[in-house]
Amino acid sequence: AFMFIRKKVLDKIGLLDETFFMYGEDIDLSYRIALAGWKNYYFADTTIIHYKGESTKKQSTNYVRVFYKAMVIFAEKHYSGQHKTAFKFLINSAIYARAGIALAINIAKSIWLPVLEAILIFGSMYFLKNYWEEHIKFIKAYPREMMTIHLPYYTLVWVSSLWLNGSYSSPFNFGKLARSILTGTILILVIYGLLPDGLHFSRGIILFGTLIIIAILLLWRSIYHFAKYRTLDFSQRNNTKSILVGSAEKWTRVVEILKSYQKNYHQIGFVSDAKINHPNWLGSTNQLSEIVSIYGINEVIFSGDAIKAEEVMKWMTKIGPQVNYYTIPANSDFVIGSHSKNANGLYFGEQLELNLSKPENVRKKRLFDILVALFSILLFPLWIFKKGRTLLSHSLAVLSGKKTWVGYSKNEATLPYIKPGIFTTAYMLSTPKDQFLHNLDKLYAQNYSILLDLRAIWCS
């Protein structure tokens with residue numbers, strides 16, 4: 001990230017080896033410098049800002065693959081004989097082992113909450129069943145199918161509804177949780193009504209269980225949230241207290257930017273050497289350490305318009321790593337920064353709220369694609385000749401994930417990515433023009449719902 005080399009050294013040993021795609025090229029260069037008789041020194045008496053984690057997340061399988069592949073290239077280049085073969089074998093073993101660990105960690109992080117809540121739901125319904133048998137129905141026990149069919153599908157439907165409606169996405173929203181459970185209950189009752197009469201045991205357990213599940217999940221999530229963030233204010237998910245080192249105008253702008261991203265940070269105020277009569281002015285720059293301590297600040301944003309990079313680094317060193325740091329380059333409205341080697345850097349700028357940026361809507365769109373494709377395949381025998389074959393090929397392309405039923409009219413790099421569409425947003429236009437197409441795509445991404453897809457398919 002920060003290296004000085006004599007030009008004559010590079011003239012002799014050569015430049016960076018382009019065989020390395022990412023990682024390893026600096027190791028190779030340093031090794032060649034040492035082989036050529038020069039020495040490498042680490043000089044600790046200077047400071048830079050290095051936003052780590054910008055290229056790949058350290059826990060991702062892609063990072064593991066690229067990093068260890070670079071080590072294989074290094075071994076093949078600099079080691080020979082039997083040691084080369086053994087080293088290459090060990091490195092490749094490390095790639096698969098480390099990639100497996102990273103994949104397992106990523107899967108565990110993504111499913112642990114749904115799995116835990118599935119256990120809570122199933123356990124709650126099991127105890128409710130026992131209570132219903134003893135105190136409501138006054139029977140010895142429900143048939144075995146209650147445990148082998150009913151409780152499992154209750155649990156599966158409720159957890160699936162939570163997942164599809166984005167209840168596992170941050171931040172937590174009680175309204176979304178309640179709506180997800182109620183939606184799941186409606187589907188459970190529909191399935192219940194379709195079952196044979198011999199499997200109709202008790203709708204009361206379903207309805208009363210709905211209230212219990214909502215209460216238990218709310219209690220559990222409140223406990224988890226408090227244990228993690230030391231607050232029961234779900235809007236303050238990160239419990240972030242932020243200040244800006246810069247002008248009042250820049251502070252107002254930063255607040256607007258973060259609000260557009262729905263970042264519910266607590267913006268305390270700004271620090272500026274120019275004393276002004278402003279309710280959010282906290283003090284001058286030389287008081288920054290005291291301000292951070294007094295207000296319990298855990299995020300500092302430096303404006304390049306008001307403070308030099310050299311001063312920024314001095315303050316970062318003085319205050320220490322317990323605070324996250326971000327910067328706004330001079331003459332810019334973009335907030336950038338990275339506070340962890342395990343996470344990508346943050347990049348905030350003014351944006352529109354796009355429904356297609358939300359994971360729950362991406363999942364709903366994909367589920368809609370699959371259901372329409374399956375329905376079309378079922379209708380395939382009813383279609384005649386060429387039209388039927390075309391519908392079948394479209395359905396197979398959607399099922400395989402190569403296409404979506406409704407896509408953009410243009411190749412929109414600035415909007416959330418979706419697969420090429422069988423139909424497009426331009427179904428209403430008889431003579432499409434580029435600007436109209438762009439506006440339609442933006443409106444589609446901003447206001448996306450399944451109804452828009454249905455309308456586009458029906459009218460196309």
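I start with the largest nonpolar core, which has 30 residues; Met125, Tyr154, Trp158 and Ile181 touch the most other members. A nonpolar core here is a set of buried Ala, Val, Leu, Ile, Met, Phe, Trp, Tyr and Cys residues joined through side-chain atoms within 4.5 Å. Buried means under 20% relative accessible area, exposed means over 50%, and partly exposed is in between, with a 1.4 Å probe and protein chains only. Two or more residues of this core come from each of helix 4 (81–136), helix 5 (145–164), helix 6 (174–194) and helix 7 (203–229). Helix 5 gives the most, eight residues.

Before going on, the ground rules. This is a predicted model, where local features need pLDDT of at least 70 and side-chain atom pairs count only at pLDDT 80 or more, while totals for chains, interfaces and linings use all residues. Residues are numbered from 1 along each chain as its sequence is written, and side-chain values use heavy atoms, with hydrogens and water left out.

Helices (H or I, at least four residues) and strands (E, at least two) are DSSP runs, numbered from the N terminus. The chain has 14 helices and nine strands. Of its 460 residues, 37% are buried.

A contact means heavy atoms within 4.5 Å. Among contacts in the chain with a separation of 6 or more, 63% are between residues 24 or more positions apart.

Next, the loop between helix 4 and helix 5, where Phe138 sits. Phe138 is not a glycine, yet its phi is positive, about 55°. Is Phe138 buried or exposed? Its relative accessibility is 66%, so Phe138 counts as exposed.

Now the aromatic rings. Rings of Phe, Tyr and Trp (its six-membered ring) pair if their centres lie within 6.5 Å; planes under 30 degrees apart count as stacked, over 60 as edge-to-face and the rest as tilted. That rule gives 14 aromatic pairs. In one of them, the ring centres of Trp112 and Tyr224 are 5.5 Å apart and the planes are at 65°, so this pair is edge-to-face. Trp112 is in helix 4 and Tyr224 in helix 7, 112 residues apart, and the pair links distant parts of the chain. Both residues are partly exposed: Trp112 has a relative accessible area of 35%, and Tyr224 has 29% relative accessibility. Another pair is Phe302 and Tyr325, with centres 6.2 Å apart and planes at 20°, so it is stacked. Phe302 lies in strand 4 and Tyr325 in strand 5, so the pair ties together parts 23 residues apart in sequence. Phe302 and Tyr325 are both buried. As for clusters, Trp112 and Tyr224 belong to one with Trp220.

Strand 4 (residues 299–303) and strand 5 run parallel and are joined by five bridges; two strands pair if DSSP finds at least two bridges between them. Phe302 stands opposite Thr327 of strand 5. Why is strand 5 (residues 324–328) described as largely enclosed by the rest of the structure? Because four of its five residues are buried. Together with helix 10 (residues 309–319), strands 4 and 5 make a right-handed β-α-β unit. Right-handed means that, with the strands pointing away from the viewer, the path from the first strand over the helix to the second runs clockwise.
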